[in-house]
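Colleague: I would like a close look at one part of this model, the aromatic rings. Please take them pair by pair.

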Amino acid sequence: TLDFAKYTRLWVDGAEDDLGVFDTVEPSRRAECVLPGVGLTYQAIAVEERFNLGFDMVSECSGLVDRLAEANALLEVAERALEEALMIDPGSDQIDTLRTDIENREEAVDDIEFDLRAVEQQMQYTRLVHLVYEHGTEL
């Protein structure tokens, strides 16, 4: 239906499709995600109806960015703990446990990064489809 554009609308802050109304909408109806390393900021606004596809994608992205920051912080703590343990007693039985902990935390970071890249690709695709659908933009 013609509501497709409304339900899927998301944009990159400052880009040609930026609505410019993001800051005027109440915070509970706004979603924003700053992609780490890339610096792009995706934004979306929840619509009153039941489908908020663009808003949901940007919200999911934001949650993954927060989880990634937390996972990286925990990984850094584990790496510091291993460094300290190696300085105190390189032959300690605790070293293997700390290494296993680091491997698990690295895997958690990789999993979150994978999920984040998938959502990023979904947002890029949705944005491009929306640009064509709503604005007739050539790709």
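Which residue lies over the face of Phe22, and at what distance from the ring centre?

Modeller: Arg30 does, at 5.3 Å from the ring centre of Phe22. Bear in mind that this is a predicted model. Now the rings themselves. Searching the whole structure gives two aromatic pairs. A pair of aromatic rings is described by the distance of the centres and the angle of the planes.

Take Tyr7 and Phe51. Their geometry is edge-to-face, with 5.3 Å centre to centre and 70 degrees between the planes. The angle counts as edge-to-face because it is over 60 degrees. This pair links distant parts of the chain, 44 residues apart. Tyr7 sits in helix α1, residues 4-8. Phe51 belongs to the loop between β3 (41-45) and α2 (53-88). Tyr7 has 13% relative accessibility, so Tyr7 counts as buried. Phe51 has a relative accessible area of 38%, so Phe51 is partly exposed.

Back to Phe22, which pairs with Trp11. That pair is edge-to-face too: 6.4 Å centre to centre, 80 degrees between the planes. The centres have to lie within 6.5 Å for rings to pair. Trp11 is in strand β1, residues 11-12. Phe22 is in the loop between β1 and β2 (30-34). The two are 11 residues apart, and the pair links distant parts of the chain. Trp11 is buried, because its relative accessibility is 1%. Phe22 is buried as well, with a relative accessible area of 7%. So Phe22, buried at 7%, has Trp11 as its edge-to-face partner and Arg30 over its face.

Notes: Residues are numbered from 1 along each chain as its sequence is written. This is a predicted model: local features need pLDDT of at least 70, side-chain atom pairs count only at pLDDT 80 or more; totals for chains, interfaces and linings use all residues. Side-chain values use heavy atoms; hydrogens and water are left out. Rings of Phe, Tyr and Trp (its six-membered ring) pair if their centres lie within 6.5 Å; planes under 30 degrees apart count as stacked, over 60 as edge-to-face and the rest as tilted. Helices (H or I, at least four residues) and strands (E, at least two) are DSSP runs, numbered from the N terminus. Buried means under 20% relative accessible area, exposed over 50%, partly exposed in between (1.4 Å probe, protein chains only). A charge sits over a ring if NZ of Lys or CZ of Arg is within 6 Å of the ring centre and within 35 degrees of the ring normal.
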